[in-house]
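Me: I'm new to this structure. Could you take me through one part of it closely, a sheet and the helices beside it?

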Amino acid sequence: MFRTALQRVVLRTSSKNSLTALRSSFFIRGYASAQNISTLLLVERNGNSIASSTFNSLTAAAKLGGDVTALVAGEEPDTVASEISKVNGISKVLVAKDKLYEHGLAEVYAPLLVAAQKKFNFTHLVAPHSAFGKNVMPRVAALLDVAQISDITDIESPEIFVRPIYAGNAISKVKSNDPTKIITVRGTAFPPSTVTGNSAAIEAAPDAEKPTITEWISEDLQKSDRPELGAATRVVSGGRALKNRENFDKLVYGLADVLGAAVGGSRAAVDSGYCDNALQVGQTGKVVAPELYVAVGISGAIQHIAGMKDSKSIVAINTDPEAPIFQLADYGLVADLFKAVPELTEKLKK
C-alpha cells in the first residue's frame, strides 16, 4: 500500500507564456531505498538501428549514478547490441534473442525485464516515454508491485524525480522509496548521449517466461525520407485553418521541404483528416522540442502547447491576433496563411 502526501505548493509564473503554473512536491512512501545504484536501460529499436529516444534515456540513466546495463531483445538483435555496447556510459549489454521479442509486445517484454531485475538486483529500470516504453513499463511495474514514475523531465537524486502534470502547467516532484524504480523518460528533456569509443561486455539475458496469450499479426508502416518528428531540429506544423488535406500537403509540406523540416499537425488537423495520426503534436501525440517550430494556422490550444512549448524558437502564422499561440511564440505573423506561407516558401528557396 502506498500513501501520497502533499508537502508543499509554490505558485510560479512561466517566463515565456505567462501562464501560472503550480509546482508541487509529492512523496510516495513505501520501502526503504537501495544504497547501491544500478540501472537497466531498455533499448528501443527501429529495425536494426537504435531509436533516437534511447540515447536521451541513456543520459537520464547516467544521471542516476552507478552502472548502466542495456537490454536488447529481438529476433536478430546482434547488430543493435554491438552498436549500443560502443556508446559511452554503458557498462554491460544483455541480449535476448527470440522471434517473440521482435515486435515489442509488452506481454513478452515485461517478464524479460522482471527476470533481469531479479537476477542482477537493478535499482532502476529506465525506458523512453515512447509508445514502446509506455506499453511495456507499466506491466513491469505491476509485476514487481511498485509504482511507476512516468515522463520524467529531470532527476534530482536517485529517489527524487521531476515530471509535468496537467498538460505541463504544473510540475510535480516525486520521491519514491520503492526498492526498484520504474521510470519512463521524456526524450526532449535530456540531450542524447551518442559519444562512442566504449567497449562494453555483451552477454545473454536471463531466461524468462514467454507468454503466448498475445499474437503479433501485422503492421503498416509509412516510410519517409523526412526527419523523424520526435528528433527533428526543425518542425513545421499545420492546424485546422488549412481547411483541407490538399492545402495541408501543399503548404505545410512545401515549407517543410524548403526548411528540411519534419511535419507535424495539431489534434484538430488530425481529427479533420488533414494529416495522419502519427504526425500529431500535443499532449496526446508527440512531444517535440526542436530548434525551430513553425505553427501554421494553429490557434494554440493547451493540448497542442503541451507538446511543443519547449521548442527553442517558435514562429506562429495566424490571422487572429488574439490567438493563444502568440503568447508563446518568439516570432508572430498576423496574416492570411494562404498568402504568407507560399510567399515565405518562395523567398526561402532563394
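Reply: Happy to! In E17, valine 296 is the bridge partner of glycine 238. That link is part of a parallel pairing, in which 5 bridges join strand E15 (residues 234-238) to strand E17 (residues 292-296). A word on the source: this is a predicted model, where local features need pLDDT of at least 70, side-chain atom pairs count only at pLDDT 80 or more, and totals for chains, interfaces and linings use all residues. Residues are numbered from 1 along each chain as its sequence is written, and side-chain values use heavy atoms, with hydrogens and water left out.

Now the whole sheet: 5 strands form an open sheet with parallel pairing, in the order E16-E15-E17-E18-E19. Strands pair if DSSP finds at least two bridges between them; helices (H or I, at least four residues) and strands (E, at least two) are DSSP runs, numbered from the N terminus. At the edges, strand E16 (262-265) and strand E19 (331-334) each pair on one side only.

Next, the helices. Helix H5 (residues 245-259) lies across E15, E16 and E17, while helix H9 (residues 337-349) lies across E17, strand E18 (313-318) and E19. The axes of H5 and H9 come within 9 Å and cross at roughly 30 degrees. Axes are lines fitted to C-alpha atoms, for helices over the stretch in contact (heavy atoms within 4.5 Å), and angles run from 0 to 180 degrees between N-to-C directions. H5 and H9 are therefore roughly parallel to each other, a term for angles under 35 degrees. Their contact includes Leu251 and Val258 of H5 and Phe338 and Leu348 of H9.

Definitions and conventions. Parallel < 35°, antiparallel > 145°, perpendicular 65-115°, else oblique.
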